[in-house]
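Hi,

Here is the structure I said I would pass on. Have a look at it first, and then read on for what turned up in it.

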Amino acid sequence: MIKFDVPDMTCDHCVGSVDKAIKAVDPDAIAKIDLGTRTVTIETSVAPEVISASITDAGYTPSLSN
């Protein structure tokens with residue numbers, strides 16, 4: 001499981017964009033996106049760097065969270 005903080009995710013459109021970016025690199029990923037805390041938790045076999053790059057390409061600034 002991977003968890004990212006995405007502080008610039010501010011609306012439902014952002015949530016959709018981040019989800020789409022994750023699904024682009026892993027269609028089978030299970031993403032739980034919490035707009036209130038601006039966090040994304042992902043169950044995936046794809047490397048965190050790949051997921052992070054995809055979210056970045058969508059226009060957001062993810063950082064790995066503990």
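The buried residues of α1 are covered by, among others, β2, β3 (39-43) and α2 (48-57). Bear in mind as you read that this is a predicted model.

Which residues of α1 are buried? They are Cys-14, Val-15, Ser-17, Val-18, Ala-21 and Ile-22. These residues sit on the same side of α1, because they cover an arc of only 165° around the axis. If you are wondering about the spacing, an α-helix has 3.6 residues a turn, so residues three or four places apart point the same way. Turn to the other side of α1 and you will find Asp-12, His-13, Lys-20 and Ala-24 exposed. As for length, α1 has 14 residues and reaches 21 Å from its first C-alpha to its last, close to the 20 Å expected at 1.5 Å a residue.

Now the sheet. There are 4 strands in an open sheet, in the order β2-β3-β1-β4, and the pairing is antiparallel. β2 and β4 (63-64) are the edge strands, each pairing on one side only. α1 packs on this sheet, where it touches β2 and β3, and its direction makes about 160° with that of β2. α2 packs on the sheet too, touching β1, β3 and β4, with its direction at about 35° to that of β1.

With strand β1 (residues 2-5), β3 pairs in the antiparallel sense over 4 bridges. With β2, which also runs antiparallel to β3, there are 5 bridges. Have a look at Ile-42 in β3: it is the bridge partner of Ile-2, and it is also the bridge partner of Ala-31. β2 and β3 form a hairpin with 4 residues between the strands, and there Arg-38 takes a positive phi near 55°.

Where is Ala-31 placed? It lies in strand β2 (residues 30-34). Leaving aside residues up to four places away in sequence, Ala-31 touches Asp-19, Ile-22, Thr-41 and Ile-42. Ser-45 is 14 residues from Ala-31 in sequence, and the two are 12 Å apart in space, C-alpha to C-alpha.

Asp-28 is another one to find on your screen. You will see it in the loop between α1 (12-25) and β2. Asp-28 has 67% relative accessibility, which means that it counts as exposed. Between Asp-28 and Cys-11 there are 24 Å in space, C-alpha to C-alpha, and the two are 17 residues apart in sequence.

Last, the record. UniProt lists residues 1-63 for "domain: HMA", in an unreviewed entry. Over residues 1-63 the chain is 38% helix and 24% strand, and the end C-alpha atoms are 14 Å apart.

Over to you, and enjoy looking around.

Best wishes

Methods: Residues numbered from 1 in each chain as written. Predicted model: local features only at pLDDT ≥ 70, side-chain atom pairs only at ≥ 80, totals over all residues. Heavy atoms only, no water. Helix = DSSP H or I, 4+ residues; strand = E, 2+ residues; numbered from the N terminus. Contact = heavy atoms within 4.5 Å. UniProt positions renumbered as here; feature names shortened; annotations may be inferred. Buried < 20%, exposed > 50% of the residue type's maximum accessible area, 1.4 Å probe, protein only. Expected span 1.5 Å × (residues − 1). Arc of directions from axis to C-beta. Pairing = 2+ DSSP bridges. Axes fitted to C-alpha atoms, helices over the stretch in contact; angles between N-to-C directions.
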